[in-house]
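Dear colleague,

I am passing on the structure below, together with some notes on what was found in it. Please look at it first and then read the notes alongside it.

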Amino acid sequence: MKMPPKPLKKLLRSASDMFIISISVLVFTLPVLVYSFGGFSAVTVWVNMLTAPVVTPLLVLSGLIVIFSGLPFISYPIMLVVKFIAEYIVLLTEFFAKTK
């Protein structure tokens, strides 16, 4: 059997890593979710896969905003990127919250 091209192989590896991370997060937070909310959504894994890659940049950029808060010409452009990433997360969350 022929191996997939290197870019495709890298993409598949990244997707499988994200799936494993999402499952791990679900397994370790499941007791808290069930206790706090009485259950959990079946789309949790998929939402985590779509949002997890942007959470780290969001946190790093938010920290940079705090560091450069006295310099608005630096912090404001960073804030626009943070706002865009946060809106992406909220949009996905709201969309998947409507699915049952």
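Confidence in the chain is lowest in helix α1 (residues 6-37), with a mean of 83, and highest in helix α3 (residues 72-98), with a mean of 93; these are values of pLDDT, the predictor's confidence in each residue on a scale from 0 to 100. For the chain the mean pLDDT is 86, and 95% of its residues reach 70 or more. Helices here are DSSP runs (H or I, at least four residues), as strands are (E, at least two), and they are numbered from the N terminus.

This is a predicted model, in which local features need pLDDT of at least 70 and side-chain atom pairs count only at pLDDT 80 or more, while totals for chains, interfaces and linings use all residues. Residues are numbered from 1 along each chain as its sequence is written, and side-chain values use heavy atoms, with hydrogens and water left out.

The largest pocket holds about 260 Å³ of space, and its lining includes L33, F37, F40, V47, N48, T93 and F96. Two or more lining residues are given by each of α1, α2 (44-67) and α3. A pocket is found on a 1 Å grid over the protein atoms alone, as an open set of points where a 1.4 Å probe fits, with protein on both sides within 12 Å along at least five of seven lines; a cavity is a set that the probe cannot get out of, and lining residues have an atom within 4 Å of a point. Grid points are joined across faces, edges and corners, and the volume is the space filled by probe spheres set on the points.

The whole structure has 2 salt bridges, each being a side-chain nitrogen of Lys or Arg within 4 Å of a carboxyl oxygen of Asp or Glu. R13 pairs with D17, with the closest N and O atoms 3.6 Å apart, and both residues lie in helix α1, 4 residues or about one turn of the helix apart. R13 counts as exposed, at 57% relative accessibility, whereas D17 is partly exposed, at 31%. K83 pairs with E87, with the closest N and O atoms 3.8 Å apart; because they are 4 residues apart in helix α3, about one helical turn separates them. E87 is partly exposed, at 44% relative accessibility.

V54, in helix α2, is partly exposed at 21% relative accessibility, and its C-alpha atom is 8.3 Å from that of I89, 35 residues apart along the chain. P77, in helix α3, is partly exposed with a relative accessible area of 41%, and P77 and S16 are 33 Å apart, C-alpha to C-alpha, and 61 residues apart in sequence.

With best wishes

Key:
Buried < 20%, exposed > 50% of the residue type's maximum accessible area, 1.4 Å probe, protein only.
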